[in-house]
Amino acid sequence: MTADDHLAWLRCEGRIVIVGASLAGLRAAETLRAEGFTGSLTMIGDEPYEPYDRPPLSKAVLLGKASARHTALPRRRDVDAKWRLGVAATGLDLSAQRVRLADEDEVEYDRLLIATGVRARPWPKEAEAQLDGVFVLRTRDDAVGLEQRLRASPRRVLVIGAGFTGSEIASACREQGIAVTVAERGGAPLVGALGGVIGAVAAVLHRENGVDLRTGVTVTALEGDPAGRVRSAHLSDGAVIETDVVVVALGATRNTEWLTGSGLGAGPRGIACDAGCRAFDFRGIVTDDVYVAGDVARSPHPLFGYQFLSLEHWGNAVSQAEVAAHNMISASADRRPHMWVPAFWSSQFGVNIKSVGVPPMGEEIMITQGSLAERRFVGVYGYQGRVIAAVSFDNTRWLDFYQRQIETAAPFPVESPTVDRRPEGRRPIPSDFPDPSLPSHGPTVTLSGYSPADRRLVFSPARR
Amino acid sequence: MRLVVDLNRCQGYAQCAFLAPDVFAMHGEESLVYNPRPDDEQREQVTRAVAACPVQAITAEGLDDAADPPAWACQEASHDC
Amino acid sequence: MTHHSLLRQITDYANRANPYPLYKELHNTPVLHEEDGGPYLVSSYWDILSLLHDPRISSDAANLAAAGADEMGGVAETGLPPSFIRQDPPEHDRLRRIANRPFGPPHSPRKIDSMRGELAGIVSGLIDGFGQARQIDVVDQFAYPFPVTVICRLLGVPREDEPRFHTWVEPIVAGLDPDTGKDDAERRRGAQEARMQLGMYLAQLVEQRSKEPTGDMLSELVTSHGPDGPMTTMEVLSTAVLLLIAGHETTVNLITNGMLTLLRHPEYLERLRNDPGLVVGIVEELLRYEPPVQLVPQRTCIADIEVRGTTIPKGSKIWLVLAAGNRDPERFTDPDRFDPDRKDIQHLGFGSGIHSCFGAPLARLEAQIALSELARRLDNPRLVKDPPPYRQNAVLRGPRHLLVDFDALRP
């Protein structure tokens, strides 16, 4: 069979297996069908639910505007798949092209897409994590449990970690009049993702909305009552917080353990793949039948010095899934690179926060529009003389412009005048990111590799 | 009906919140919150909201009673097979 | 072959009925600069969209005046401060937020939705008013009085005052026309004078409402207690002038252009009659195909900017030709075809970015109700004259009259 024949056979009769039945997996399946794949398609997911949307779980759901049980994703088309839900994948045999499942079953594939995503990092002390009232928030079940508990008028909620998820939870609590303490190891909320300058604004938002924000502290112990319900938390500064709901929001862990020993280049940083989403094996050789997409992937990006980026972004999951699916059933000359510009949003305390590019690469920041004090602004991050990222607070309509500045490596500092430039925005200031090797709640973009072309960079991912 | 809004695309023009206020709401000046599983009686309003979105950020399933998810058929790819 | 510049041909009234061949020609030169001191015309979809989101582009009246692009002048000349469409952030944002409080979400999320029944009632009344006639002027008997009635009720301006304020609105709208003709200075003076008169008329209403609020937008604007505080009286007046004019002078064109287009494509008129739900797609396609605001002439750049290899120097006048962008073949397949079934329809009909149309949701609802009811109730409607006579204005482009014959009025 020639390569062309093989591809034609694959597209018509091949077996494609997608491990991970969430946003990336679903969008990949739809893309495969939309592009004419007529073979068999198997979707494997460890949760018993069809693909659902996660961002509402920490926003609309906690605000009572949506139900955690009803965020199933709309289908763009029928995917005609065999669904294996509620069964985790437990192993991969690369040479036999087989995925092993938790129920001992095995599924053979001609092409495999891995989109297993991440899971919430649990509270590290297992006994304390088991206490009734201690939550993480990642899945539908987590949200159902937390929502229920918040509705039962808790005395106080303790949120551990002031990243985006933690801040959104605190915001939802405050909006419903629930007392909340936030304990953050770093100097301010969001520092890992956006740096200290923006973090200071986030801290004001927390406090103005009545959050008891404690920064520069860690939680040393959670204490339960005799019935096993959480009662209080001890902080590193000696403080004790009386609480009956604790939400652990310390970032995420990549779901790659099932690949241990498979020979794939998978580890705690994710699964390395090329710009076309093909996975690397542990020797650094690219595979031709295993693809990766979504939060679990780490791939080189030409706009950011070909550094490997791991992105826990909704939009990245969609875009990378589409590229991976296309490439899985295309001849090599027709394949496309995944060159999505990182972008994310968060909504907290009534403020819309959006970002494009890779803020943690930014050495300096300039407020080119609006003002930090008014909580309405655009901040631009610079790295080695070019624009590398931007963040907006209630100013999203300008972000397209800054995305193009990033894509074209526009010079930094931003010299040209912009509307609504204030005196504070004339000069760049240090963006004030914490040392990335120190643990914090974790950034949403992790620079997880080094460009051979740029040895001056010494980034290491958070919490490794 | 099922909905999802691509909030990367969303720029807070609020057209959906004007036209289907029981499904979409502005939370602050720019943030959108919405019910991803609106009741069927909201169908007309949601249809208007989807069409009016200036950045076409709303994906909906089940807007037409007739064709639920567009039927996937082998015919469209049959020339390949 | 004439030597008239494309710019002059676009503003030339002779081409008002069909400027689209000129716009097509514009696409050959995506950034067109024909005269020293004249505007840079931008006609490609992607370039227009970029510039609408570009913070180096200003709408500020002072910057525009310096660029010679603001026919409406500044405070000193008219006594009224510029409205928010002629301001940049943060002032623009503040005024628009206050104006939005009594109009839309988050503060008044149901205001427009709750007007549906009222809008339908006004439309029915106007159509019933056609009586026994079998020929109507869609403009004078329907497309003009409908949005005027709506905006009057919304703002709290007495509907019966329309003949009065109409005499001021006309010269103000004429002042928006970027006709490069001769009596420019006179036209500008007339517009300023009229704007002041209209402001004085509204000032009386505003004064009443500040003492006795009646729940309408004028009352709400003058008594606003949001986080941004109230507007000054002068700000209320210039906002009210803007909303009153924009609230009907554009919608009249959307409805009239819509009816004209449907009469030219009777298959869609027929489909609409049988399936009123189609009106949603029809109105979106109209906003692309025949946008009521054809171009945005009131922008300038506060830095040198490069668009498609052309440097537009700081302080230049920039015209964003929305109607040309809407028919950009790089963006839309078969752009000159009216196709309400189009799936991909991210038009520029309401602009984009921070200045995107304030009244868009109201205009949509008005056009949807107006067109579906006309289609339903007019039996066998026919265009009397094609093309119909147009209004002078090149920016707010639409027919001055639209005579339609029909056989009967359905109940």
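Predicted model: local features only at pLDDT ≥ 70, side-chain atom pairs only at ≥ 80, totals over all residues.
Two residues are in contact if their C-beta atoms, placed from the backbone, lie within 7 Å. Residues are numbered from 1 along each chain as its sequence is written, while chains are lettered from A and ligands numbered from 1 in the order in which they are written.

Start with chain A. It holds nine helices and 30 strands. Both kinds of element are DSSP runs, numbered from the N terminus: helices are H or I with at least four residues, strands are E with at least two. Along the principal axes, the C-alpha atoms of chain A fill a box of roughly 70 × 65 × 40 Å. A compact globule of 464 residues would have a radius of gyration near 23 Å, and chain A agrees because its value is 23 Å. The radius of gyration is taken over C-alpha atoms, and the globule rule is 2.2 Å times the number of residues to the power 0.38.

Now look at burial. A residue is buried if 20 or more other C-beta atoms lie within 10 Å of its own, exposed if 12 or fewer, and partly exposed in between; C-beta atoms are placed from the backbone. By this count, 54% of the 464 residues of chain A are buried. Of the contacts in chain A with a separation of 6 or more, 65% are between residues 24 or more positions apart.

Chain A splits into domains, with bounds from an automatic or database domain assignment. Domain 1 covers 3-119 + 253-334, domain 2 covers 126-250, and domain 3 covers 343-447. The centres of domain 1 and domain 3 of chain A, taken over C-alpha atoms, are 31 Å apart. Ten residues of domain 1 of chain A are in contact with eleven residues of domain 3 of chain A. On the domain 1 side, strand β23 (residues 307-311) of chain A gives the most, with four residues. That side divides into four nonpolar, four polar and two charged residues. Here Ala, Val, Leu, Ile, Met, Phe, Trp, Tyr, Cys and Pro count as nonpolar, Asp, Glu, Lys and Arg as charged, and the others, Gly among them, as polar.

Next comes helix α8 of chain A, at residues 314-328. Its 15 residues reach 21 Å from first C-alpha to last, close to the 21 Å expected at 1.5 Å a residue. The expected span is 1.5 Å times one less than the number of residues. The helix α8(A) is mostly covered, with 14 of its 15 residues buried.

Further along, UniProt places the feature "domain: Reductase C-terminal" (unreviewed entry) at residues 344-412 of chain A. UniProt positions are given in the numbering used here, feature names are shortened, and annotations may be inferred rather than shown by experiment. This span is 13% helix and 52% strand, and its end C-alpha atoms lie 22 Å apart.

A:Pro417 lies in the loop between α9 (399-407) and β29 (429-430) of chain A. It counts as partly exposed because it has 15 C-beta neighbours inside 10 Å. A:Gln369 is 48 residues away from A:Pro417 along the chain, yet their C-alpha atoms are separated by 9.7 Å. Not counting residues up to four places away in sequence, A:Pro417 touches C:Arg56, C:Ile302 and C:Ala303.

Chain C itself has 18 helices and twelve strands. Its C-alpha trace spans about 60 × 60 × 40 Å along its principal axes. With 411 residues, a compact globule would have a radius of gyration near 22 Å; the 21 Å of chain C agrees. Of those 411 residues, 51% count as buried. Among contacts in chain C between residues at least 6 apart in sequence, 73% join residues at least 24 apart.

End with helix α18 of chain C, residues 360-377. It has 18 residues and reaches 26 Å from its first C-alpha to its last, close to the 26 Å expected at 1.5 Å a residue. The helix α18(C) is largely enclosed by the rest of the structure, because 16 of its 18 residues are buried.
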